[in-house]
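Work through the exercises below with the sequence and the structure open. Each task is followed by a solution in steps.

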Amino acid sequence: MELNQLTAHELLEKLKSKEICSRTILLSLSQRIEKTDPKVKAYVRNQGPVKFAPQDEAFGELNGLPVTIKDNICTSGLNTECCSKILRGFRPPYDATVIDKLKKAGAQIFPLKANMDEFAFGSSTENSFFGPTANPWKLDCVPGGSSGGSAAAVASDEAIWALGSDTGGSIRQPASFCGVVGLKPTYGRVSRYGLIAFASSLDQIGPLTKDVEDSALLCGLISGYDPQDSTSINQSVPDYTKSLTGDIKGLKIGIPKEYFVEGLDPEVKSVIEEAIDKLKSLGAVIKQVSLPHTEYAVPVYYIIATAEASSNLARFDGVQYGYRAQADNLLQMYKETRAEGFGQEAKRRILLGTFALSHGYYDAYYLRALKVRSLIKQDFDRVFQEFDCIVAPTSPTAAFKIGERTEDPLKMYLSDIYTISVNLAGIPAISVPCGFTKQGLPVGLQIMAKPFDEEMLFKTAYAYEQNTDWHKIKPKL
Amino acid sequence: MAIDKETIKHVAHLARIDLQPNELDKLSANLQDILGFIDKLSSLDVEKVSPTSHILPISNVLREDEPRTSLTPEKALENAPSKKGSFFSVPKVIE
Amino acid sequence: MIYETVIGLEVHLQLNTKTKAFCGCSTDFGKPPNSNVCPVCLGFPGSLPVYNRQALNSAIKLALAFNCRIQEHTKFDRKNYFYPDLPKNYQISQYDLPLSRNGYLDIFTNGSPKRIGITRIHLEEDAGKLIHEDAVSLVDFNRTGIPLMEIVSEPDLSHPQEAFDYLTNLKNIIEYLDISDCDMEKGSLRCDANISLRPAGVKELGVKTELKNMNSFKGVKDALTFEVERQTKILEAKETMVQETRLWDVEQGITVTMRTKEGAKDYRYFPDPDLTVFVIGKELIEPVKATLPELPYDKMQRLMKTYALTEYDAKILVASKKDAEFAEVCMQEYPGKDKKEIANWLIGPLMAEANLRKEQLHTLKLDRKELINLIGFVQRQEISHLSAKTVLTQMLDTGKSAQALIKEGNLEQISNTDALAQVIETVINENAKSVGDFKAGKVNALMYLVGQVMKKSSGKANPKVVGDLIKQRLS
């Protein structure tokens, strides 16, 4: 096996014993990228000439192990453009807190950024200014989104592991589509400082990895209190690798009936049911539960997320950074910069969000959505009083064809139907590979737990993973 | 809730986005669809439900009044599309 | 028709914290453009705000001093609008849950006290500064993100002078709280006004005008005075008042239309998801309450009581907190029983010297002990009051001691009867008419004779002793 095919924990063993050095890992990755990325297009080429130069000294826990970063996480000295024209050439003068933490742990920030839907607006990575990423399992399919670049890079061994961001499923859904492990931590667990905001009350950075152990490892490295983020929780971070026991005997797992209704692809359904049987065979107690407000999650999300986005994205106006249209007065400069700088989906969401907050509509839309959000949160609270975790499909379908849903935004929005509630409730959730459709497309199993109980996710996911081989199957490229 | 083109034009102005006529047609149709779907929410009785704008049960997050290093003007203006001396420069403001 | 004026004021106050509201950048004034900036106050993508504890404390202090009800639950909202001095294109402010409401301020106006209602005091952040050139506007973000308080008064003010007095009182209190330097020239205190007229006795408010761009308290008063006249003319001519925002043009002394209500903005306020809520309980309020200084009104009452000062004198002293503190220490250290003796010096000659030197009492280069010494010389009748004033000026000019200056100037008062007898003899001989008048019972004649002796002794003679001696000599 080539080095780029190994997991992070396998490579860390080799780095520790000095069997290899970070230079050889980088070399292996760059060769792989040269060979397969013209097909996958997981990385964006917006940096100008890129140097794959390993840092001089390997140190810390990670000994120079490279990490791939989504294009919406600020990396000083590397362009961070959210795959949008409006942030063209933006080089942040600072690192996001997660980058800072990773660097201090000895990580090497991979010099190419991962592709994504513009400003994380999308579920397919088709909304990138730099063009779509392909699904490594089937190149005419989407990798999911918005962290499609991160997921595809990990799936195609073009990355060891990667960071993505998840506002309504943007880590879990592409992880599911690409057959990798994707974790959305509890809101407040990982600092958002330096994550270019889409919807501040929902966004969370998380890992995309080849297996559960890597997920636990990377989650541990990026988690923790950050005094620069008012919404980060001052609570100690457990050693997540200790949850990797493989023992889930007696675990109480709820299966929400609202996630198994019309719209769920029958093939996906049977793969998920098999996975649930597997968990049962491992000693878990499985019982059906109800999350009655599930059907309202998508509409609530598209009000709250777009309202926040409309305000968060107001700063992209051509004054301080990024793209500016030429105009002889300020108002025209604003309007043309934003007309030319934002793609269709960004405009759609900004307009929807602006409308939801505008005079006369606030109560009917925004305020009502915040109230229904409370109901959705209460659904989960109720179930977690009795259950350790909830298991469901990550997405109603496997990866769909590139271009299939671009003309129907509403249909695109509904592909997040199983992931959105988790963000609204602020709870953690993980997607792990659990099988394939007949077409050979991966399917992901979603596990959700109560706030700050990532350990439960790792424990359950690890037990499942260690008793299946799905994560070991790689796409042929 | 129906949303007409005039409303979209007004909203686009608030958001400072110039819309081409064909874009306006398309976006109107899209938003009409989406808002139709969102109307699902109006069937719920939320009279007695309190809104959740913050999911975390934390409050009073404050920082001490201690200075931190600022950026140099050079660094602050590094990404500027247009500058004059140490100022950001923008086209003339017309009210 | 007689019209009644209704005025409400909105004051924006920059707090004097060391750092900005949401980041660690310095709030120092007058730094090179864009040098007090960081990713947070520049609103760079990915940056996040965390509120300044000191700013919250100052705000609570202000709310307490203005007798406001501090709300248990308060939060920040975003006020969305595009403007190049606003890096995020939204201002972090407060909308439906401001820090405090329903306060009041007792002011002195037109010789009597009046209570002015405070609608609300809320927290927000300042915007940057724009410099307009011919084809472009230049932006400096140093001021961006400095913590601001907005103090909104009820429309309780009924005269431009009252507005002026309200502002003076407000500034006085804020100086006592030491939470802002209140410098209108530096923009650390800014004031907008709402003014409308209504026929006397009518309850409903008239159509209002919002006034902006006043750069001094006097500017506020002048702009309001102009508006009263302008609106009166419109109403008397039975024309329709338009609700609008007008700018004060200090050069021409007029207000001009800025925008009418049609252009009113839709700010799309919503709770800022980047900031958590605040629960303002006892544990936050009590420590601040403990640091609340004595406020001007209370201080005035106390000075009057403790030092037997008149209301007039006490009011002058409390106009500046530091001067009042300086004066009080002086009065405490003054050994005499009658504190009025030193108070007269402080309010009289010393205040005059301070004004002349464009300084304040407490900033004058003067050792309190030396001032007390000087007054001692006068009280012991060792120098005349007149000489003492000269010595005071010299003390401030040279920094020398009172004793040294009295000696140098040879100013010791002559109380020695032998030394004075000769001068008195000469004066009696030279002023036969006055002597005659005195003997005839005219009291003024004695004063004239004393004056002549003073003149001949270059002001050094002790007038009381001289008077006694003349009376003895002529009896």
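**Exercise 1. Find the residue that stands opposite B:Leu62, and describe the pairing of its strand.**

Step 1. B:Leu62 stands opposite C:Tyr51 in S2(C). Helices (H or I, at least four residues) and strands (E, at least two) are DSSP runs, numbered from the N terminus.

Step 2. Strand S2 of chain C covers residues 51-52, and S1(B) pairs with it in the parallel sense over two bridges. Two strands count as paired if DSSP finds at least two bridges between them.

Step 3. Keep the origin of these values in mind: this is a predicted model, in which local features need pLDDT of at least 70, side-chain atom pairs count only at pLDDT 80 or more, and totals for chains, interfaces and linings use all residues. Residues are numbered from 1 along each chain as its sequence is written, while chains are lettered from A and ligands numbered from 1 in the order in which they are written.

**Exercise 2. Describe the side of chain B that touches chain C, then the side that touches chain A.**

Step 1. The contact between chains B and C takes 30 residues from chain B and 38 residues from chain C. Two residues are in contact if their C-beta atoms, placed from the backbone, lie within 7 Å.

Step 2. Strand S1 (62-63), helix H3 (73-76) and S3 of chain B each give two or more residues to the side that touches chain C. S3(B) gives the most, with five residues.

Step 3. That side divides into 14 nonpolar, seven polar and nine charged residues. Here Ala, Val, Leu, Ile, Met, Phe, Trp, Tyr, Cys and Pro count as nonpolar, Asp, Glu, Lys and Arg as charged, and the others, Gly among them, as polar.

Step 4. Towards chain A, the contact takes 44 residues from chain B and 54 residues from chain A. Helix H1 (5-14), helix H2 (21-38) and S3 of chain B each supply at least two residues of this side, and H2(B) gives the most, with seven residues.

Step 5. The side of chain B that touches chain A has 29 nonpolar, seven polar and eight charged residues.

**Exercise 3. Locate the largest nonpolar core and another core apart from it.**

Step 1. The largest core has 248 residues, and those with the most contacts inside it include A:Leu351 and C:Ala163. A nonpolar core is a set of buried Ala, Val, Leu, Ile, Met, Phe, Trp, Tyr and Cys residues joined through C-beta atoms within 7 Å.

Step 2. Helix H8 (residues 297-312) of chain A provides the largest share of this core, ten residues.

Step 3. Leaving aside neighbours within four places in sequence, A:Leu351 is in contact with chain B residues, among them B:Ile8, B:Leu27 and B:Leu31.

**Exercise 4. Is C:Val391 buried or exposed, and where does it sit?**

Step 1. C:Val391 is found in helix H10 (residues 385-398) of chain C.

Step 2. C:Val391 is buried, because 26 other C-beta atoms lie within 10 Å. The cut-offs are 20 or more such atoms for buried, 12 or fewer for exposed, and partly exposed in between, with C-beta atoms placed from the backbone.

Step 3. Not counting residues up to four places away in sequence, C:Val391 touches C:Leu374, C:Ala402, C:Leu405, C:Ile406 and C:Leu411.
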